[in-house]
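Keep the viewer open as you read.

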Amino acid sequence: MKTLEDNSSIVVQKSKFFLYRALTYSIFLLFPVWTQKSLELDRMSQIVMMICYMGFITAQYFLLGKEIDHRLKIYFRVNSSLDRIIYRIHLGMFFFIFYFNALNFLPDKWINNTFWVTWAILGLFYSWPTRGKIIQESVTTNFNEFKYLDRFEKTLLILIFTMVAVSIPEFTRLNSIGALKLFFDPSETVSPLVWNFLTVNYFPFKKYPELFKTAWSLHFYFSFFVMFVFIFYSTLRYFVSRRLSLLGTFALVSSWSVTKILASDVGIALDSTFPLLWIWALMWSTKSSTYRSGLFVGLVNFWGVLINPINIILAVFQTVALYYLFSAKKTHWYRRQMLRYASFGLSMALLAFLMSGTKMTHMWNFGLNLSELWSVLERKAFFSLSIFAVLIFGLQKLVPNKIKAVRDFKIDEDKFGEVAISLLFIAVVSLFFQTDNFRAFGLMWPVALMSVIPLEFLFQSISRLRSSRNMIYLAYILVCLLDSHIEGRIKIILRIFNS
């Protein structure tokens with residue numbers, strides 16, 4: 001409050017804020033220039049510089065999402081602080097997709113000039129000091145979720161980031177844009193709007209094939225898989241404690257199946273990470289308690305159609321289910337308003353589907369191959385706990401009052417119902433249509449989610465025995481670490497740096 005009382009102090013605060021932001025923008029905007037000069041540097045240095053540039057771009061997505069919230073007066077509740085970060089990054093990215101696709105109609109010279117002018121204008125706008133920005137804007141406030149971690153949780157968080165860092169797949173040897181598109185999307189289902197967005201997003205590197213390939217490879221890894229990990233953690237937080245959410249996330253990223261999937265078919269990884277975002281957006285919307293959340297839900301479905309036109313079926317289902325089922329307790333006025341906000345994204349989704357030229361009759365694929373489920377369970381011992389979760393939920397439904405531990409077990413049934421119904425519909429769609437939504441990562445995360453339920457059940461039963469819970473927690477950390485095949489991941493990283 002001193003900032004508001006002392007006028008001389010506010011001038012100093014504004015000056016510091018402007019200089020810090022302006023200097024930060026200047027440094028990161030020079031990264032593409034420095035990276036272009038670094039063609040003779042080793043691969044590791046190029047990767048580090050490219051990750052820094054991607055971090056800067058992701059921050060712009062977040063700031064744009066925050067500005068959209070402010071302009072449209074979207075105020076919402078969240079389950080964890082990480083929900084707010086995930087939501088704003090995606091919201092900003094969706095609007096950048098529209099903007100960069102508009103720029104793509106221009107000649108290359110004009111795209112290049114407009115690219116730099118855009119970041120310069122945004123830099124001045126976000127750096128311009130106001131009392132609201134100085135008082136409210138802080139990086140640490142967005143990570144309150146991890147502010148009070150104990151030693152076990154800090155250790156596990158470090159292990160998660162380490163596992164993510166050493167799980168980067170090998171880069172392809174292809175350099176041309178056409179070949180890269182085919183490599184990342186062998187089934188050719190991804191919309192040209194996505195490729196236009198990526199091309200403009202990394203336009204400074206377009207004339208340097210090696211750097212452009214590195215940028216796209218890292219973008220697909222961080223924007224899809226790493227964001228998938230963050231969303232999975234946020235999903236777990238709806239059902240279990242922070243400690244078990246970290247354990248479940250570590251179990252997922254330490255699975256050898258992650259490396260096998262990323263190495264074998266990046267296209268499957270791209271398609272199979274979307275269902276989690278789709279379901280999380282539904283849970284975030286019902287938790288937010290605002291009808292303006294419909295804007296984000298519609299845009300998520302638009303993004304899904306860009307990835308695979310068959311996801312238009314998911315868009316229709318989610319819209320109907322959100323209106324008649326998951327928001328049934330809301331007033332008709334509230335639900336109409338939510339549908340009105342969602343109409344923009346849904347209209348764009350329909351337009352993207354029509355532009356794809358996809359015919360539903362050409363997408364039939366009768367049969368659901370669940371052989372991958374056994375592979376997921378076989379490669380990770382931790383995932384075998386999911387069988388016990390099925391048993392626990394079965395006892396809750398069949399004999400809810402006969403077993404005290406089952407009767408006292410608490411879990412958010414509404415949210416679990418949203419996940420279960422959505423997964424059931426995805427499975428039905430996968431049964432009749434050609435889609436990877438229920439394969440690879442789309443199959444792994446439900447198994448990982450179910451695997452932490454028995455531990456939550458056990459921890460609730462022995463809530464007063466803290467030392468026993470710590471020993472059980474440590475034992476499962478070691479189980480996940482021992483079958484993580486970390487030596488195989490390190491070999492892949494070394495091959496990348498030595499190539």
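## Reading the model

A cavity is a set of points on a 1 Å grid, laid over the protein atoms alone, where a 1.4 Å probe fits but cannot get out, and lining residues have an atom within 4 Å of a point. Grid points are joined across faces, edges and corners, and a volume is the space filled by probe spheres set on the points.

This is a predicted model, in which local features need pLDDT of at least 70 and side-chain atom pairs count only at pLDDT 80 or more, while totals for chains, interfaces and linings use all residues. Residues are numbered from 1 along each chain as its sequence is written, and side-chain values use heavy atoms, with hydrogens and water left out.

## Two cavities

There are 2 cavities of 30 Å³ or more.

Around it you will find Met54, Ile57, Thr58, Tyr61, Asn201, Tyr202, His219 and Ser223. Two or more of these residues come from each of α4 (43–72) and α11 (209–236), and α4 gives the largest share, with 4 residues. The classes here are 4 nonpolar, 4 polar and no charged.

## An open pocket

A pocket is an open set of grid points with protein on both sides within 12 Å along at least five of seven lines. The second largest pocket contains about 430 Å³ of space. It has 17 lining residues, with Thr286, Phe326, Lys329, Asp414 and Glu418 closest to its centre.

Helices α15 (274–288), α17, α18 and α22 each contribute at least two residues to the pocket lining, and the largest share, 5 residues, belongs to α22. By class, the pocket lining has 6 nonpolar, 4 polar and 7 charged residues.

## How α22 packs

Which residues join α17 to α22? The axes of α17 (residues 312–326) and α22 (residues 413–432) come within 11 Å and cross at roughly 150°, so α17 is roughly antiparallel to α22. The contact (heavy atoms within 4.5 Å) involves Ile313, Leu314, Phe317, Leu325 and Phe326 of α17, along with Glu418, Ile421, Ser422, Phe425, Ile426 and Val429 of α22. Its residues are 9 nonpolar, 1 polar and 1 charged. Axes are lines fitted to C-alpha atoms over the stretch in contact, and angles run from 0 to 180 degrees between N-to-C directions; those over 145 degrees count as roughly antiparallel.

Helix α22 also packs against α23 (residues 441–461), at an angle of about 150° and with the axes 12 Å apart. This makes α22 roughly antiparallel to α23. Here Phe416, Val419 and Leu423 of α22 meet Trp445, Pro446, Leu449 and Met450 of α23. This contact has 7 nonpolar, no polar and no charged residues.

Conventions: Parallel < 35°, antiparallel > 145°, perpendicular 65-115°, else oblique. Nonpolar A, V, L, I, M, F, W, Y, C, P; charged D, E, K, R; others polar.
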